[in-house]
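Student: I have not seen this structure before. Could you take me through it by question and answer?

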Amino acid sequence: MKKKIVKEWIRIVLGLMVFSLGVHMTIYANIGLAPWDCLGMGIARHTPFNYGISMTLMSVIILGIDILLKERIGFGTIIDALLTGNFIQIFNYANPFPENHHLFAGIFIMLTGFVFMALGMWIYMSQEQCCGPRDALLVGMGKRMSRIPIGFVEVIQWAVVLLAGYLLGGPVGIGTVISTFGTGLVMQCVYSLIRFEPRTLKHKDVLQVLKIMSEKERGNV
């Protein structure tokens, strides 16, 4: 069982890498920031923190909301909080391509990024060690809107985030609009094709995983 847990952690990291690549592609598209990035940049404009720290602080706040929604916090949540931003930064630094200045190319790149984001979410969420802070918020909202497809719940969530980012002065462009409505729609299409429904997952929180790991260790003594 211990090896199974470790393999799940490895898959979570790989899933987050795929997701981060998708986020990087939406940034590289250079047609406007996605809502969460817009909000992070808006916060950075009004505080002494840079974009990375702003996103980390935002994740902590979202974690608090997740707890209020009684969503489980697992190692997947923790790994997401620690690695995702760093992975995105690595992809941004390692990108060998020149800055994009073509609208239609940017739209194509952004839509492709949405697919990678959805696949990355599928990989690490299916390990059932709880979602990342923002994904846990999505699932928590989805449970309370059970008659609405999860992709459309994502649209609602991103629209609220976009409004907050815009009011704080975050950069908004055509890519922002596409992100707000396109991400959830693409995600719904991808999940329909692979027959994945995140609201049916049975997640293991941190305490449950630690209990499994400790029981395995005692069995080896």
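Predicted model: local features only at pLDDT ≥ 70, side-chain atom pairs only at ≥ 80, totals over all residues.

Tutor: Residues are numbered from 1 along each chain as its sequence is written, and side-chain values use heavy atoms, with hydrogens and water left out.

Student: How are α6 and α7 oriented to each other?
Tutor: Helices are DSSP runs of H or I with at least four residues, numbered from the N terminus. Axes are lines fitted to C-alpha atoms, for helices over the stretch in contact, and angles run from 0 to 180 degrees between N-to-C directions. Helix α6 (residues 133-144) and helix α7 (residues 150-167) have axes 9 Å apart, at an angle of about 115°. Angles of 65 to 115 degrees count as roughly perpendicular, under 35 as roughly parallel, over 145 as roughly antiparallel and the rest as oblique, so α6 and α7 are roughly perpendicular.

Student: Into which classes do the residues of the contact of α6 with α7 divide?
Tutor: Contact means heavy atoms within 4.5 Å. On the α6 side it is made by Arg134, Leu137, Leu138, Met141 and Gly142, and on the α7 side by Ile150, Val153, Glu154 and Gln157. Ala, Val, Leu, Ile, Met, Phe, Trp, Tyr, Cys and Pro count as nonpolar, Asp, Glu, Lys and Arg as charged, and the others, Gly among them, as polar. The contact therefore divides into five nonpolar, two polar and two charged residues.

Student: Are α1 and α4 parallel or oblique to each other?
Tutor: The axes of α1 and α4 come within 8 Å. They cross at roughly 40°. The two helices are therefore oblique.

Student: What is the hand of the crossing where α1 passes α4?
Tutor: A crossing is left-handed if the near helix is turned anticlockwise from the far one by less than a right angle, and right-handed if clockwise. For α1 passing α4, the crossing is right-handed.

Student: How many nonpolar residues does the contact of α1 with α4 have?
Tutor: Residues of α1 in this contact include Trp9, Phe19 and Ile27, and those of α4 include Phe75, Asp80 and Phe91. By class, five residues of the contact are polar and one is charged, while the nonpolar ones number 15.

Student: Which hand does the crossing of α3 and α6 have?
Tutor: α3 and α6 pack with axes 8 Å apart at about 35°. Met55, Ser59, Ile62, Leu63, Ile65 and Asp66 of α3 meet Pro133, Arg134, Ala136 and Leu137 of α6. The crossing is left-handed.

Student: How many residues of α2 are buried?
Tutor: The buried residues of α2 include Trp36, Cys38 and Leu39. They pack against α1, α3, α6, α7 and α8. α2 is mostly covered, and of its eleven residues the buried ones number eight.

Student: Is Asn100 buried or exposed?
Tutor: Asn100 is in the loop between α4 and α5. Leaving aside neighbours within four places in sequence, its contacts are Tyr28, Ala29, Asn30, Ala105, Gly106 and Ile109. Because its relative accessibility is 7%, Asn100 counts as buried.

Student: What is the phi of Asn30?
Tutor: Most residues other than glycine have a negative phi. Asn30 lies in the loop between α1 and α2 and is partly exposed, at 37%. Its phi is positive, near 60°.

Student: Where does Glu128 lie?
Tutor: Glu128 is not a glycine, yet its phi is positive, about 60°. Its relative accessible area is 25%, so Glu128 is partly exposed. Its place is the loop between α5 and α6.

Notes:
Buried < 20%, exposed > 50% of the residue type's maximum accessible area, 1.4 Å probe, protein only.
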